[in-house]
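Reader: I am new to this structure and would like a friendly tour. Could we go through it together, one question at a time?

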Amino acid sequence: MTQGNSTEVTEFFLLGFGAPHRFQYVLFIIFLVIYVTSMVGNIRMILLIKTDPRLQTPMYFFLQHLVFVNICYTSAITPKMLQNFIAENISISFRGCVVQLFVYGTFATSDAYLLAAMAVDRYVAICNPLHYPTVMSRRVCIHLVAGSYVMGSINASVHTGFTFSLSFCKSNTLNHYFCDVPPILALSCSNTDINVKLLAIFMGFNLFTVLVIIFSYIYILAAILKMSSTTGSKKGFSTCASHLTAVTIFYGTVAYMYLQPHANDSQENMKVVSVFYSVVIPMLNPLIYNLRNKEVKEALKVMGKKLF
């Protein structure tokens, strides 16, 4: 890193959580267990959907991509975080930081669009069941998934490109455990107004996914309440329970991350919430769909009998 009016940064130092050294190994073990559990659960879910004939439906097609996205964005962050817990060198190269931000941004955004696509799928299944096979055809599902990845890529490309085109002269120490836009902007000596506006614009644009989910569930709730049989109502609620739980956890965490008022300890709070969002949620999603989904439970039993 060279000093002057314009600074050429070759690496960033990640402050992490600022925990005392003796606790670093404890955190390493905790997050290693979470990461391994997440990888095992998500990979098992993908294999289960691929191999079980009962799970060859649009809902599980979307779920398969959702867990794949979880694997990608948690793997962009967690291995480096684990390394920094036990390594003396807590730096990340400039290129490594660019790649980390791009991969994380792509798949975290894709996650939001996939959750919206799953809400549409549940809406069609409950509110228009006779036309469900036609409306949610294989081609439509592929287009929705592809659109999710495209939107994630566009979002990440714009933020990554504009963020790393800035000059850095304040420091090269990031007050975070991974390369995220706000802490990187804090290091810049360039005018960051356009970056802040882009964050607001894309956040507003991505709120489209929230509206899709909200309106889908308004119509779903209305359709369920109109059902004459109690069995039908229970089946309708159980069909949506897993997805609604995942949505609540995902958007509840995101809302807390970006809507909390700025305070002296807001950056530390942001780190804690970011951990839940980027490390814990990918572990929870397979558990949610395993515990609350009848088809997945039955498929797991069949897999267990084949293995043992």
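Reader: Which helix lies across E1, E2 and E3, and at about what angle does it run to E2?

Author: Good place to start, and keep in mind that this is a predicted model. The helix that lies across E1, E2 and E3 is H4, which covers residues 94-127. Its angle to E2 is about 85°.

Reader: How many helices and strands does the protein chain have, and in what sequence do the elements run?

Author: The secondary structure comes to 11 helices and three strands. Starting at the N terminus, the elements run β-α-α-α-β-α-α-α-β-α-α-α-α-α.

Reader: What is the order of the strands in the sheet, and which strands stand at the edges?

Author: The three strands form an open sheet with mixed pairing, in the order E2-E1-E3. E2 and E3 each have a single partner strand, so one side of each is left without a neighbour in the sheet. The strands at the edges are therefore E2 and E3.

Reader: In which sense does E1 pair with E2, and in which sense with E3?

Author: Strands of a sheet can pair in either a parallel or an antiparallel way, through backbone hydrogen bonds. With E2 (residues 91-93), E1 has three bridges in the antiparallel sense; here Phe12 stands opposite Ile92, and Glu11 has Ser93 as its bridge partner. With E3 (residues 173-174) there are two bridges, and Phe13 is partnered by Thr173. The sense is antiparallel for E2 and parallel for E3.

Reader: Which residues of E1 are on the covered face?

Author: In a regular strand, side chains alternate between the two faces of the sheet. E1 spans residues 11-14, and its uncovered face holds Glu11 and Phe13. The covered face has Phe12 and Leu14.

Reader: What is Phe31 in contact with, leaving aside its neighbours within four places in sequence?

Author: Phe31 is one of the residues with the most contacts inside the largest core. With those neighbours left aside, its contacts are Phe17, Thr78, Met81, Leu82, Phe85, Val275 and Val279.

Reader: How many residues does the second, separate core have?

Author: This core includes Phe12, Phe164, Leu174 and Leu185. Phe12 is also on the covered face of E1. The second core has 15 residues.

Reader: What span should helix H8 have, and how far apart are its end C-alpha atoms?

Author: H8 (residues 193-226) has 34 residues, and at 1.5 Å a residue these should span 50 Å, which agrees with the model. Its buried residues include Leu198, Phe202, Val212, Ile213 and Tyr217.

Reader: Which helices do the buried residues of H6 pack against?

Author: H6 (residues 138-163) has 26 residues and reaches 38 Å from its first C-alpha to its last. Among its buried residues are Cys141, Val145, Tyr149, Asn155 and His159. They pack against H2, H4, H7 and H8.

Reader: How many salt bridges are there?

Author: Side chains of opposite charge can pair when their charged atoms come close. Asp52 and Arg54 form a salt bridge, with the closest N and O atoms 3.1 Å apart; Asp52 is buried at 7% relative accessible area, while Arg54 is partly exposed at 39%. Asp121 and Arg122 meet in a salt bridge at 2.8 Å, N to O, where Asp121 is buried at 0% and Arg122 is buried at 8%. The count comes to two.

Reader: How many residues apart along the chain are Val36 and Met283, and what separates their C-alpha atoms?

Author: Val36 is found in helix H1 (residues 21-51) and is partly exposed, with a relative accessible area of 44%. Val36 and Met283 are 247 residues apart along the chain. Their C-alpha atoms are separated by 8.8 Å.

Reader: What share of the residues in the protein chain is buried?

Author: Buried here means under 20% relative accessible area. The protein chain has 308 residues, and the buried share is 47%.

Methods. Residues are numbered from 1 along each chain as its sequence is written. This is a predicted model: local features need pLDDT of at least 70, side-chain atom pairs count only at pLDDT 80 or more; totals for chains, interfaces and linings use all residues. Side-chain values use heavy atoms; hydrogens and water are left out. Buried means under 20% relative accessible area, exposed over 50%, partly exposed in between (1.4 Å probe, protein chains only). Helices (H or I, at least four residues) and strands (E, at least two) are DSSP runs, numbered from the N terminus. Two strands pair if DSSP finds at least two bridges between them. A nonpolar core is a set of buried Ala, Val, Leu, Ile, Met, Phe, Trp, Tyr and Cys residues joined through side-chain atoms within 4.5 Å. Contact means heavy atoms within 4.5 Å. Axes are lines fitted to C-alpha atoms, for helices over the stretch in contact, and angles run from 0 to 180 degrees between N-to-C directions. The expected span of a helix is 1.5 Å times one less than its number of residues. A salt bridge is a side-chain nitrogen of Lys or Arg within 4 Å of a carboxyl oxygen of Asp or Glu.
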